[in-house]
Amino acid sequence: MLKFKPNTLLAGAALLAIACTGNNKPKTADFAELKSYFNSDITSTTDSTDLVFTNLAGPDLVPSPAALAVSANGEVFVGVDMIGSLGKTPGKGSIVKLIDADNDGTLDSHTTFAKVDNPRGIIAMRDQVFVLHTVFSEETGIATGMDLVVFEDKDNDGVADGPSQPLIKNICSLEPLTSRGTDHATNGIRMGIDGWIYIAVGDFGFHEATDRTGKKMTMLGGGIVRVRPDGTEMEVYAHGTRNIYDVAIDPFMNIYTRGNTNDGGGWNVRFIHYTQSGEFGYPNYFKNFTNEIIPALVDVGGGSGTGSYFMDDYRWPAKYNHTPMMADWGRSQLYIHRVTMDGPSFTQDVEEFIKLPQITDIDVDASGRMFLAAWDGAGYNGSPDKGYVVKVEPKGFVYEPFIDLKAASAEELGEQLKAQSSVARLAAQQELLARFPQEAGKIALRVALDKTLPLEARVAGIYTYAQATCTDGNGELLSLTEEDKIREFALRALADRKTCLQGVPLDPFVEGVTDPNDRVKSAAIVGLGRIGNPEAAEALLAVAVPSTFVEPEKGTEGPHATPNSAIVLPHIAVQSLVEIGAVDAAVDAIGTDHSKLALWALKYMHDPKAVDGLIEAYKNTEDKALKVEILSTISRLYKEEAPYAGDWWWGTRPDTHGPYYKAVDWSESPKIKAFLMEEWNGLDDAAGKMYFADLNEKNRMDITEFGDGASELTVVENTIDLESIKNKKGQVGEASIEDVIIAVENIQGDPVKGKALFTSQGCVACHSVEKGQPLKGPFMGQIGSIMNRSQITESILKPNASISQGFATVQVQTNDGKTYMGFVTGENADEIVLQDIAGNPTKLSKSNIKERKELENSMMPPGLANSLSYEELASLVSYLQSQK
């Protein structure tokens with residue numbers, strides 16, 4: 001840690017007293033440079049034809065690539081995962097290192113860097129490789145959890161020097177992991193310029209995840225967790241997502257994800273910008289309590305978001321640069337979400353970018369080369385025969401080798417903090433901090449102070465300085481808060497690590513709450529929560545609540561995927577009030593100008609003082625509107641969320657009623673009930689009684705006197721009674737694809753019945769099973785030797801996921817104005833034979849063809865199996881599996 005002499009850096013109380021006085025210069029919202037950075041004025045549609053693709057490795061080296069990471073100098077680490085998302089058999093995973101030493105686009109060597117199962121996230125930094133993966137028992141072969149670990153390769157031979165060292169253990173709930181597989185588990189990891197490793201946690205959540213210091217943490221549901229690279233200071237960054245797979249981080253520490261759909265349950269794929277401490281609503285809030293969440297920026301329908309990356313590299317054309325790039329496995333597409341600043345958050349426009357079959361991950365090296373991994377039809381259980389990795393460069397790209405980090409001097413590394421590449425800046429930062437800890441702070445501070453540099457370079461300087469100096473650097477960071485353009489980042493850096501908060505004053509954060517710049521306000525509000533001083537309550541309670549803070553009407557669904565930047569600041573102010581335990585201040589604010597925010601915060605404060613204060617405030621006011629708000633708040637506190645032990649999961653379509661998933665009584669429940677009953681008994685009008693009935697239903701209080709407010713759904717703890725449901729007609733259409741695949745895996749089925757279904761479901765129209773039969777669509781006579789059970793099931797449920805080679809849908813337009821669509825089942829020099837979905841063949845003369853093109857989608861429509869029971873679908877699959 002860098003130490004400063006007294007004449008260089010004031011210390012202790014004297015420092016803080018002087019730092020808090022400020023220079024009385026009027027503050028301005030100086031964010032023009034930041035706003036222009038995001039290229040939001042670009043309107044041209046992306047066109048991947050101006051990119052050059054090079055196949056780097058195929059399934060012989062990297063089958064079923066679930067994740068990849070590339071080091072700054074271009075060494076590619078691929079997470080091979082032949083267990084897949086629903087498999088449970090260990091010993092099928094590894095990290096494979098790919099090297100193109102002469103950078104000619106041809107692979108020169110490869111090594112098996114390490115053996116790990118279900119690698120879902122990788123970071124390659126210096127001589128360390130961080131991996132998030134599933135751990136299996138050597139004795140039983142059953143999963144025992146998921147760990148974030150680090151491997152080292154100090155001799156640079158391409159093989160880890162020894163066993164991994166755990167940084168976080170058990171960061172996934174065990175029961176769903178062992179019973180279902182890794183599909184909703186913990187996934188991608190990425191390091192920000194602040195030096196934290198950010199972890200995408202799927203909605204399996206975790207119970208008692210343990211970092212390297214022994215700190216334990218539990219989280220019900222999904223979100224983002226972060227930890228220092230040494231495995232310390234683990235904490236939740238944001239909560240309330242579904243099955244996110246990765247995070248994208250821009251140079252200013254904005255974080256983005258593209259999520260996963262829950263198959264008709266109302267939560268489609270959504271692109272989210274995260275504000276630290278934010279709650280994003282899945283599954284408890286996003287329908288009936290939408291006003292309490294930060295909504296997504298867009299709902300894009302079905303799909304499966306996977307790898308994410310924020311492009312920041314000057315060698316890429318402007319239309320691709322400074323944008324979040326988000327892979328979607330389900331749509332086989334890499335998207336660009338072009339973001340535009342909107343107060344403390346963003347709006348977005350989504351564009352298709354690169355088409356790649358079942359794309360899983362994306363990363364870029366310090367020379368600007370992009371690398372993509374494709375699952376390519378490997379199925380939910382992985383495959384040894386599918387998957388590949390490609391390199392992508394802009395046309396005209398000229399390779400420039402990155403500096404030799406290990407040989408670079410401290411000053412040379414400091415120069416790289418100014419690079420126009422986020423990868424270069426981060427790699428140089430980590431090397432500088434590791435090799436030159438005594439010089440890093442001074443070098444980084446020069447970059448932070450240099451007003452001639454681009455903003456992203458100065459921010460890199462600020463965060464590098466903060467990491468190098470911890471508490472010793474707080475004085476300089478306080479001075480940096482005086483500059484309008486970088487105040488946001490200096491405040492964030494000051495409060496970024498709770499281990500470095502000693503002596504940090506409240507004043508600049510309190511002042512920041514009323515700053516002209518909403519992004520500064522956001523940083524200040526979050527910072528006050530992290531500092532944890534209850535004296536901040538007054539400033540937090542003064543944050544205005546917008547008119548958009550409106551509960552959805554009964555029976556309606558709130559706007560949970562519509563940008564609402566106005567809700568961000570009061571939302572995080574509430575989170576900070578809860579974090580600092582501001583119960584007394586919130587109670588005192590009831591009935592004042594700050595009452596609305598105070599009552600919002602009190603909804604999450606299960607504290608006897610909160611209950612007593614609410615009851616007293618209710619009795620002491622004659623304001624009927626306020627009484628209604630207090631009743632709503634105290635009714636919310638009647639129950640609390642049950643402690644979570646990681647022994648269940650809510651499934652792919654959980655109860656979305658809220659506000660709790662497993663509600664239980666707590667110590668103050670009897671007192672709340674007595675108060676509510678007293679009020680209810682005093683009513684003699686039907687409207688008043690109905691209001692209490694609505695509170696009962698909305699908050700799931702289950703007070704029988706008020707009416708039936710119990711849940712219509714039973715919590716399903718990841719158990720399936722196959723005997724009771726396998727013959728239920730239409731079960732396939734009502735369930736998610738993952739649930740269907742699991743069920744079919746466990747039901748043998750009757751091939752004889754399956755043969756009959758092959759006809760009754762219309763399969764015979766496009767498929768033949770016997771040699772010698774007329775050629776139709778893809779031949780099924782040997783499908784059992786090509787696909788396993790899960791892959792056959794997936795192909796039936798998702799025809800577009802894996803279109804057989806040679807059987808793409810063809811659309812033909814003829815010169816006489818007619819259009820035909822189908823499989824080409826015969827062709828010679830003069831004619832083609834096209835067979836449509838009903839099995840009807842048409843012979844067409846090539847001389848009459850005006851246009852002929854292959855379509856991206858299968859001709860087989862999805863949903864043909866929706867009316868079947870699990871038993872029937874299992875029989876159909878068993879019949880096809882027998883065709884070998």
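Tutor: Helices (H or I, at least four residues) and strands (E, at least two) are DSSP runs, numbered from the N terminus. The model is predicted, with local features needing pLDDT of at least 70 and side-chain atom pairs pLDDT 80 or more, while totals for chains, interfaces and linings use all residues. Residues are numbered from 1 along each chain as its sequence is written, and side-chain values use heavy atoms, without hydrogens and water.

Student: In which loop does His322 lie?

Tutor: His322 is not a glycine, yet its phi is positive, near 60 degrees. At 15% relative accessibility His322 is also buried (under 20%; exposed is over 50%, partly exposed in between; 1.4 Å probe, protein chains only). Its place is the loop between strand 20 (305-311) and strand 21 (323-328).

Student: What is the relative accessible area of Arg700?

Tutor: Arg700 sits in the loop between helix 19 (686-698) and helix 20 (722-725). Its phi is positive, about 55 degrees, although Arg700 is not a glycine. Arg700 counts as buried because its relative accessible area is 11%.

Student: What is the omega of the peptide bond from Tyr282 to Pro283?

Tutor: Pro283 belongs to the loop between strand 18 (270-274) and strand 19 (298-299). The peptide bond from Tyr282 to Pro283 is cis, and its omega is near -10 degrees.

Student: Where is Pro659?

Tutor: Gly658 and Pro659 are joined by a cis peptide bond, with omega near 0 degrees. Most peptide bonds are trans. Pro659 lies in the loop between strand 27 (640-641) and strand 28 (663-664).

Student: How many residues does domain 3 bring to its contact with domain 1?

Tutor: The domain assignment, automatic or from a database, gives domain 1 (45-267 + 303-394), domain 2 (403-500) and domain 3 (731-882). The centres of domain 1 and domain 3, taken over C-alpha atoms, are 33 Å apart. In the contact (heavy atoms within 4.5 Å), domain 1 has 16 residues and domain 3 has 13 residues.

Student: What share of the area buried between domain 1 and domain 3 comes from carbon and sulfur atoms?

Tutor: Buried area is the accessible area (1.4 Å probe) that two parts lose on being put together, summed over both. Between domain 1 and domain 3 this area is about 1,100 Å², and the share of carbon and sulfur atoms is 46%.

Student: Which residue forms a salt bridge with Asp739?

Tutor: A salt bridge puts a side-chain nitrogen of Lys or Arg within 4 Å of a carboxyl oxygen of Asp or Glu. Between domain 1 and domain 3 the count is 1 salt bridge. With the closest N and O atoms 2.7 Å apart, the partner of Asp739 is Arg180.
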